[in-house]
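Please look over the model shown here before reading the points below, which are meant as a colleague's comments.

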Amino acid sequence: MKSFNKIGLNKISKVDIKSVDILMVLVVISLGLFNCGCNSAKVDLSGKDAKLTSIATTEGSYEVEYPDAPPSVADGKIMWDKLNCASCHGDTGVGVSGQCSVDLTDKKLMRKQEPVNQYLLLAFGKANAYPGVSHPNYLTKATTRQIWDTVFYARNLAVPALTDAQAMDIDSVFGSNCAVCHGKKGYGDGPLSKNLDPVPANFQQYNRFYHRTDDVLWDHIANGITWEGMPNFLHKQDKSKNVVFDDEYIWKLVQYIRHFQETTEKTISVDTTNSTTINNGG
Ligand code: HEC
Ligand code: HEC
């Protein structure tokens, strides 16, 4: 009996490994397709210049706690001041010389960063983030929710989050081109969704979208996802809305997708009665 069980288990794990292999091959093939010139992707996904945080640098048993409501850029600003992030990053985010050489306002660079890696950096810190400077860790000084707020405030320095009013301008374009699959509120529950496998992405699913860079979202909207229901939009038009899906408009759609995962409204996750600034100790 025991040995039968063993064989059964071995078989299962072998099958698992195989399906992972197949997945990897599919990923490699589809990345290859994006880069072969048949699609006009303008985004370089190679990440050669993405010298910042990666899963590798923060690898370990660090657990990510996802928020249960969109993080607030406005609350993040309060935490930015309270935690004295400007002591290394400067008020605007361009970086203080001798403390940090990374420019948080650099759009190209920041579009290559996954929110989850920025969370890990802030939650757990990093030794020698800059020669002789360790990145502070903030889990003892802020809640996980407040750390997400500051992540999205920092991202907003390069790519400003849309206000509700700005998002509303895009609502009707999203409504007539995307909602049929992704649903009006982005839950992936549009009328066509039942016929699709995999089902359309749910934009409110933080543990999925915080693992996406803006570059990847741009690529998926521009070039679609091969063999899945996600169409390619680059160079297409919506005549009734007078919209051309050019480079810039697709960046707007990326911001619109992020609007499901962040807000510019104050949500008061921060206690503003105690305004003491934390000294990072240089
Ligand atoms: C002691 C100096 C110091 C302080 C204080 C500091 N940082 Fe940093 N920060 C750095 C350095 C250095 C880097 C570059 C890290 C690297 O290259 O891995 C960095 C990188 C970052 C990045 C970019 C990470 C990425 O991969 O995209 C973000 C976002 C960031 N910091 C946010 C903050 C926020 C928010 C605060 C305040 C809560 C803060 N930092 C406080 C020094 C600091
Ligand atoms: C015909 C149905 C359909 C339409 C229309 C559609 N999508 Fe999709 N979309 C999908 C499917 C299916 C996926 C893939 C889900 C998966 O891979 O799990 C997807 C995935 C995505 C992703 C990638 C998510 C990720 O994990 O990276 C983004 C971003 C996206 N869609 C945005 C849009 C936008 C913006 C529009 C409108 C301009 C749109 N979609 C229109 C079906 C659709």
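1. What covers the buried residues of α3? The cover includes α7 (144-156), where helices (H or I, at least four residues) are DSSP runs numbered from the N terminus. A residue is called buried if 20 or more other C-beta atoms, placed from the backbone, lie within 10 Å of its own.

2. This is a predicted model, in which local features need pLDDT of at least 70 and side-chain atom pairs count only at pLDDT 80 or more, while totals for chains, interfaces and linings use all residues. Residues are numbered from 1 along each chain as its sequence is written, and chains are lettered from A and ligands numbered from 1 in the order in which they are written.

3. Helix α3 (residues 73-82) is mostly covered, with seven of its ten residues buried, among them Asp75, Trp80 and Lys82. After α3 comes Asn84, with a positive phi near 60 degrees.

4. Around ligand 2 there are 24 residues, of which Cys178, Cys181, Pro198, Gly229 and Met230 are the closest; a residue is near a molecule if its C-beta atom, placed from the backbone, lies within 6 Å of it. Two or more residues of this shell come from each of α9 (179-182), α11 (214-223) and α12 (247-259), and α11 gives the largest share, four residues.

5. As for confidence, pLDDT (the predictor's confidence in each residue, from 0 to 100) has a mean of 83 for the protein chain, and 74% of its residues reach 70 or more. Over residues 1-41, however, pLDDT stays under 50, and over residues 47-51 the pLDDT is also below 50.

Terms used. A residue is buried if 20 or more other C-beta atoms lie within 10 Å of its own, exposed if 12 or fewer, and partly exposed in between; C-beta atoms are placed from the backbone. Two residues are in contact if their C-beta atoms, placed from the backbone, lie within 7 Å.
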